[in-house]
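Dear colleague,

Please find below the structure I am passing on to you, together with its sequence. My notes on helix packing and on the nonpolar cores follow.

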Amino acid sequence: MRPELLDFAAEMLGGLARKDQRAAGELYVRGLLADGRRKSMVPMAERLGIDSQRLQQFITSSTWDYAGVRRNVARWFAGHQPVEALVVDDTGFPKDGDASPCVARQYSGTLGKTANCQVAVSVHLVNEGASCAADWRLFCPESWDDQALADPVAAAAARRRRARAGIPEKVRHREKWRLALDMIQEMTGPGGWGVLDLAAAAGGARPVIAADIGYGDNALFRRQLTAAGWQYAVAVKGGTTAHDGDAVPQARPYGGLGQPPKPAYPRPPVTVRQLAIAAAGQVRPVTWRQGTKTGKDNPDAAMTSCFLAIRVRPASRHITRDADRSFPACWLLAEWPPEADEPSGYWLSTLPEDTPVEELARLAKIRWRVEHDYRELKTGLGLDHFEGRSWRGWHRHVTLAVLAQAFCTLLRTDPKVPAPG
């Protein structure tokens, strides 16, 4: 595979100014791909038979733009694979001490608890057969943003930590869902990476946005997606409120004094859990994709469960109403396993009204690819093995891990490349 790796790395690292930088980048990626449990710089250098200072210098002090490499990888993927969805998620990196950039005691869904860790938001380009962890942002907690701290002593300590880690001045505390929107705009907006143009040139439809509850349950996030022209299929909590899809605001009596009252819904919204349970008669089996685990009762490895899909009108003060004061209608998808007393998961989707439930389920579930990405990046490619303490070093290491995963995707999907082994 070495010749293929040399060619691929040369293409992805082509924007680096110097030949020695490109060579060091290929070495680093080769170290991430090689056998060995630990993918930090010293063990990688030992396996490669080089001085670890060469890798250290390339990651921490050499002048090169990691965002340009991410752009190249994303464009390569969009040019060679259909992009059916942009999937938003985040992952945690457990850490000891307080010197790593943006480390803090914070909740991590990866760990399932509050712990001392870094949290990174990522946006992935996805289809059912392949995916690319294209763009990343390291979440900056308030404790690392001196401008967000009222206590002058805490603010001064944050400035010192930021200076030691080399955190750019423009990097401030920003909600994770806003970081996700920033990355979507970077990849697809005017003057950005051109991912949508490449997907369209390949004959693909505009991808949808998929996300888990941490993002989908946020009405502001959903509103911003709609305002930017995106359709989505995002997970929400069962307690999210909505009106039935047929509900309409009604005129209210006017006493003749002051401003006439605006039309309003005759009844308050209820939870999506209640709406789904009320529509229990519409539940039916759905197969949304083929898996890999076959069995005596499932020789085709069909991924099947029971779902219902109904039209609803999510209700929130953050949702822009239509001219008649109604909330926009969308799909509520609920998964209701046969053995369960009630649904186990809920999604809201702005896909068209004629979308089959099989397609709703497939796109709602497509974020399984992100779990595959995190598992491959962490267990095989050393995503969370970086031991440096600089902002720039962390982003460069992550970028090269993404490049290494893209090379694995090339090997898996390109029929002209011989499979390993």
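In this predicted model, the axes of helix H1 (residues 2–12) and helix H2 come within 10 Å and cross at roughly 130 degrees. Angles over 145 degrees count as roughly antiparallel and those of 65 to 115 as roughly perpendicular; H1 and H2 are therefore oblique to each other. The crossing of H1 past H2 is right-handed.

In H3 (residues 41–48), the buried residues are Met41, Pro43, Met44, Ala45 and Leu48. Gly49 follows H3 and has a positive phi, near 75 degrees.

Turning to the interior, nonpolar side chains tend to be buried together in soluble globular proteins. Here the largest nonpolar core has 123 residues, and Leu125, Trp136, Phe221 and Leu400 have the most contacts inside it. Helix H14 (residues 391–413) supplies the largest share of this core, 12 residues. Leaving aside neighbours within four places in sequence, Leu400 is in contact with Leu13, Tyr28, Val29, Leu32, Phe58, Ile59 and Trp64. A second, separate core has 5 residues, among them Ala219, Tyr265, Ala315 and Phe327.

Yours sincerely

Technical notes: Residues numbered from 1 in each chain as written. Predicted model: local features only at pLDDT ≥ 70, side-chain atom pairs only at ≥ 80, totals over all residues. Heavy atoms only, no water. Buried < 20%, exposed > 50% of the residue type's maximum accessible area, 1.4 Å probe, protein only. Helix = DSSP H or I, 4+ residues; strand = E, 2+ residues; numbered from the N terminus. Core = buried A, V, L, I, M, F, W, Y, C linked by side-chain atoms within 4.5 Å. Contact = heavy atoms within 4.5 Å. Axes fitted to C-alpha atoms, helices over the stretch in contact; angles between N-to-C directions. Parallel < 35°, antiparallel > 145°, perpendicular 65-115°, else oblique. Left-handed = near helix turned anticlockwise from the far one by under 90°.
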